[in-house]
Amino acid sequence: MSVVFDPERRFDLSVPVLVIGAGACGLVAALAVRDAGAEVLVLERDATPRGSTALSSGFIPAAYTRFQREKGIVDSPEQLAADIRRKNHGEADARIVDAVCRASGPTIEWLADRYGIAFVVVDGFLYPGHSALRMHAVPEKTGTALMTALQGACSSAGVDLLTSAHVTMLYAERSGRVRGVAFTRPDGSQDEVGCNALVLACSGFGGNPEMVRRHIPEMADARYFGHVGNQGDAVTWGVALGAAVNDMTAYQGHGSVATPHGILITWALMMEGGIQVNATGKRFSNEHAGYSEQCLPVLAQPGGVAWSVYDARLHQLGLRFEDYRQADSLGAIKQGDTAAALAAACNLPAPALRATLAAAERYALGEARDPFGRDFTGKPKLVPPFCAVKVTAALFHTQGGLAVDERARVVDDTGRAFPNLFAGGGAARGLSGAHVWGYFSGNGLLSAVTLGRLAGLSAADLGRF
Ligand SMILES: Cc1cc2nc3c(=O)[nH]c(=O)nc-3n(C[C@H](O)[C@H](O)[C@H](O)COP(=O)(O)OP(=O)(O)OC[C@H]3O[C@@H](n4cnc5c(N)ncnc54)[C@H](O)[C@@H]3O)c2cc1C
């Protein structure tokens, strides 16, 4: 049973605020709780907190930060919200989009000023749908480094973090008030802890094949590239309590994972002029629609694979990313002085690849229009020597989850907030609407970090004894 309704339940140990999950959402929520002057305990199922956050590129969208202003970048929360809405066709909860966009800049500046986390604005290219440079990352530009920074902040802020603590059950009253949780330890023993407020930061259900098959059948047989410990527990508990869940069909996919190496290849290559071809050497889509929705056309190609084709200029751009460097060192990147040489290196038909590259050149020069609708102008044409990497598609994380209000309070179908239950990140309904094409680059960490802070602040209000 996932939730036990027991109004009399007493606990030997109780904490003001309990957070389940130590990814970006949970750690930021915990920092917000501490900053508001309340005590907090984070329970994490793994021995070492990593989550999908550590697997990610660690790029967090935020608008109107001083880091942007220092670089002369013009942006605003309204502009970010408009970009997100354009991508999801207005399908997401507009109040949450607005609240998150408003809080995004202050949250990044708070993490920098209060906890000394260094942020830089990622430049050199714009992600699909972004009208301004606004991806913020720690200088290493990896999710692992982001996690290290957040964990360092938590330890200096006095956040209690208990690892190898797998929460299996919630104790609640019929009113929906959560009283505490049970968690198991690696030796099989079970412990319990009570709480005044509970933040669900245990992400989505990408690691649960049965739930993926039920809600996202189109990706049921695709590779899952996120954290396997994300089993959909927040949704399971929330539903048992009577919470609303929305957009369970939504997810972040990706159409550019080097195969067989299993390494993310930055989409910057496509945004700055690269193309994708299939085993016949032909393009099959508009690569600028978005890397998330690109998972479906890639999976539909022969063998479920494609080749990302670009040139030496873009290879240099790729080398600015840690995972690309890793792919390069493992020999995933093929090179050829001519289209024919590249075709030979990739076992692609040379005449078709040559024709595809020639067509792309005409699009870049404005001499012809791309039948898939991509605007190639404004970026340099691809020139020899060429590069290519064989890629497949993957499910990165799920975007459906618990409905929340602007304060990250979990709500039921009528919009009524649960008395002491909060959610953010992959545990909460995302900002992408119900479809894969609604995912705006960065929606994942935007929700994890910003809703995480909002959830922490709200929980702290209940958590001060
Ligand atoms: C390869 C890759 C690249 C990505 N790049 C980006 C990017 O650059 N920008 C972006 O915005 N998004 C990106 N994403 C998405 C992003 O990583 C996620 O949206 C984000 O990390 C979610 O944060 P979270 O804190 O909600 O979940 P997580 O970071 O997954 O943390 C959840 C934690 O909860 C723990 N947990 C789960 N269940 C329990 C339980 N029952 N008891 C105790 N603990 C539990 C898990 O072990 C985990 O540590 C990427 C994803 C992938 C896979």
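## Ligand contacts

A backbone N or O atom of Gly442 lies 3.0 Å from an oxygen atom of the ligand, a polar contact (a pair of N or O atoms within 3.5 Å). Taken alone, the ligand exposes 1000 Å², and the protein buries 98% of that; these accessible areas come from the Shrake-Rupley method with a 1.4 Å probe. Side chains also take part: an N or O atom of Asn230 is 2.8 Å from an oxygen atom of the ligand, and a polar atom of Ser203 lies 3.2 Å from one.

This is a predicted model, in which local features need pLDDT of at least 70 and side-chain atom pairs count only at pLDDT 80 or more, while totals for chains, interfaces and linings use all residues. Residues are numbered from 1 along each chain as its sequence is written, and side-chain values use heavy atoms, with hydrogens and water left out.

## Ligand shell

The ligand is surrounded by 41 residues, each with a heavy atom within 4 Å of it. Among the closest are Glu44 and Asp233. Helix H2 (51-55) gives the largest share of the shell, four residues.

## Salt bridges

There are 28 salt bridges in the structure, each a side-chain nitrogen of Lys or Arg within 4 Å of a carboxyl oxygen of Asp or Glu. Asp405 and Arg409 form one of them, at 2.7 Å from N to O. Asp405 is buried, with a relative accessible area of 8%, whereas Arg409 is partly exposed at 26%. Buried means under 20% relative accessible area, exposed over 50%, and partly exposed in between (1.4 Å probe, protein chains only).

Notes:
Polar contact = N/O pair within 3.5 Å; in protein donor to acceptor, adjacent residues only side chain to side chain. Helix = DSSP H or I, 4+ residues; strand = E, 2+ residues; numbered from the N terminus.
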